[in-house]
Amino acid sequence: LAGAATWWVMGRRRRATAWYSKLDAVTKEAGWLVEQPVSSVVEAPSGSEMHLAWGEVSTRISDVDQQLYRLRDTAPHATAQQRLDATRAALDGLRTALLTLVEYVRAGAGTDEQRQQTVRVEQARAALRQIIGASDRTSS
């Protein structure tokens with residue numbers, strides 16, 4: 001009986017370690033996404049280049065979101081699941097802010113409106129960075 005309990009506990013720890021390794025890989029990808037591709041959208045010199053960059057970033061955001069979604073049901077405990085949900089929510093906030101910026105530019109919105117939406121994108125980036133940083137500190 002003691003051997004079975006030990007085997008069960010060790011298996012659970014191995015699964016949790018593997019899960020956190022997968023989460024770390026996905027959050028690193030999300031962190032890279034926040035820094036590089038998102039910048040290509042925000043700093044695009046023209047509306048057409050912004051639209052092109054958005055297409056690429058949108059695909060990457062969706063991919064990261066799907067990876068996070070697949071991890072959700074196998075989270076080792078409720079706290080990990082909550083952190084994962086918070087990461088997905090922040091990622092969705094970034095996606096929404098970027099899409100709104102692209103739509104503003106496409107519609108020919110004024111400079112002030114575009115600037116305000118750019119601030120919203122930066123706030124969404126900061127929120128995602130903060131969650132990723134918290135995940136990095138607590139998954140080790």
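**Entry 1: overall layout**

I read the elements of the protein from the N terminus on, and they run α-α-α-α-α. The model I am using is a predicted one. My tally for the protein is 5 helices and 0 strands. I then looked up burial: of the 140 residues of the protein, 35% count as buried. I also looked up how far apart in sequence the contacting residues are. Among contacts with a separation of 6 or more, 72% come from residues 24 or more positions apart.

**Entry 2: helix α4**

I turned next to helix α4, which covers residues 78-106. This helix has 29 residues, and I find 42 Å from its first C-alpha to its last. That span is close to the 42 Å expected at 1.5 Å a residue. I also checked what follows the helix. Just after α4, Gly108 takes a positive phi of about 75°.

**Entry 3: α3 against α4**

How do the axes of α3 and α4 cross? Helix α3 consists of residues 47-72, and its axis comes within 10 Å of the axis of α4. I note a crossing of roughly 165°. Angles over 145 degrees count as roughly antiparallel, and α3 and α4 are therefore roughly antiparallel to each other. I recorded the handedness of the crossing of α3 and α4 as left-handed. I then sorted the residues of the contact of α3 with α4 by type: 15 are nonpolar, 5 are polar and 6 are charged.

**Entry 4: Gln114**

I located Gln114 in helix α5, residues 111-138. Is Gln114 buried, partly exposed or exposed? Its relative accessibility is 24%, so I list Gln114 as partly exposed. Leaving out residues up to four places away in sequence, I find that Gln114 touches Leu101, Tyr104, Val105 and Ala109. I also looked up the pair Gln114 and Thr100. These two residues are 14 residues apart in sequence, and their C-alpha atoms are 9.3 Å apart in space.

**Entry 5: Trp32**

Which residues does Trp32 touch, not counting residues up to four places away in sequence? I find Pro37 and Arg60. I then looked up Trp32 together with Arg129. The two are 97 residues apart in sequence, and I note 10.0 Å between them in space, C-alpha to C-alpha.

How values were computed:
Residues numbered from 1 in each chain as written. Predicted model: local features only at pLDDT ≥ 70, side-chain atom pairs only at ≥ 80, totals over all residues. Heavy atoms only, no water. Helix = DSSP H or I, 4+ residues; strand = E, 2+ residues; numbered from the N terminus. Expected span 1.5 Å × (residues − 1). Axes fitted to C-alpha atoms, helices over the stretch in contact; angles between N-to-C directions. Parallel < 35°, antiparallel > 145°, perpendicular 65-115°, else oblique. Left-handed = near helix turned anticlockwise from the far one by under 90°. Nonpolar A, V, L, I, M, F, W, Y, C, P; charged D, E, K, R; others polar. Buried < 20%, exposed > 50% of the residue type's maximum accessible area, 1.4 Å probe, protein only. Contact = heavy atoms within 4.5 Å.
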